[in-house]
Amino acid sequence: MTEAINALKEFKGLVLRADMVSFMEVEGKYYRMKGFTELPRTKEVQEYSRQYVDEYSERTSSVGMTETIDYTFDKYKDNPVHDRIIEVTDKELLADDATANIVVVDFSKDLGGGKFYARKRNYTIVPDTDGDGTEAYQYSGAFTANGKSIEGYIEASEDASDVLNIEFTEGAVPGEEETI
């Protein structure tokens with residue numbers, strides 16, 4: 001029996017939430033998005049539905065898709081990611097001034113040689129509330145997709161759980177024959 005089939009039978013290989021780590025680009029450098037209590041992704045699909053006269057049922061096709069990441073974080077001092085989101089919120093920045101690149105690294109997808117699978121996308125920062133919470137000062141809102149997702153990888157020379165900043169490389173790992 002193959003290893004993959006065995007894993008399915010025995011429920012092995014659970015991916016923990018902490019293995020999916022997000023990094024935001026601030027002033028040309030990607031910083032780990034720490035202090036976030038919520039960061040779920042939602043896909044919105046545009047559909048095209050029609051029914052042909054010679055068929056009994058309707059057909060539906062997906063014709064577009066976008067992504068939203070809702071966020072909530074506890075404000076910490078001297079955190080470049082928090083500072084960037086707070087800047088957009090407090091200064092009510094718009095258009096290109098309210099965007100950021102975010103890379104999501106899947107540390108459960110080890111590509112070998114200290115490289116891990118990652119996706120990068122540009123998002124618009126859409127603030128919602130601040131001041132929630134009674135213990136910590138919180139901010140919330142959403143990151144809405146502002147372009148297509150780009151596949152690539154990052155290199156981590158240290159323990160993946162301790163990585164605080166990364167460099168993203170677009171495309172397949174050098175020496176790999178197939179694309180990611």
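Select Glu 67 to begin: at 2% relative accessibility it counts as buried (buried is under 20% relative accessible area, exposed over 50%, partly exposed in between, with a 1.4 Å probe and protein chains only). The model is predicted, so local features need pLDDT of at least 70 and side-chain atom pairs count only at pLDDT 80 or more, while totals for chains, interfaces and linings use all residues. Residues are numbered from 1 along each chain as its sequence is written, and side-chain values use heavy atoms, without hydrogens and water.

Glu 67 forms a salt bridge with Arg 41, with the closest N and O atoms 3.2 Å apart (a salt bridge is a side-chain nitrogen of Lys or Arg within 4 Å of a carboxyl oxygen of Asp or Glu). Glu 67 lies in strand S5 (residues 59-74) and Arg 41 in strand S4 (residues 41-50), so the pair ties together parts that are 26 residues apart in sequence. Strands (E, at least two residues) and helices (H or I, at least four) are DSSP runs numbered from the N terminus. Arg 41 is partly exposed, at 47%.

Move to helix H2 (residues 80-90), where mean confidence is highest, at 98 (pLDDT is the predictor's confidence in each residue, from 0 to 100). Here select Arg 84 and Glu 87, a salt bridge with closest N and O atoms 3.0 Å apart. The two are three residues apart in the helix, separated by about one helical turn. Arg 84 is buried, at 14%, whereas Glu 87 is partly exposed, at 30%.

Last, select Glu 151 and Arg 119, whose side chains meet in a salt bridge at 3.3 Å, N to O.
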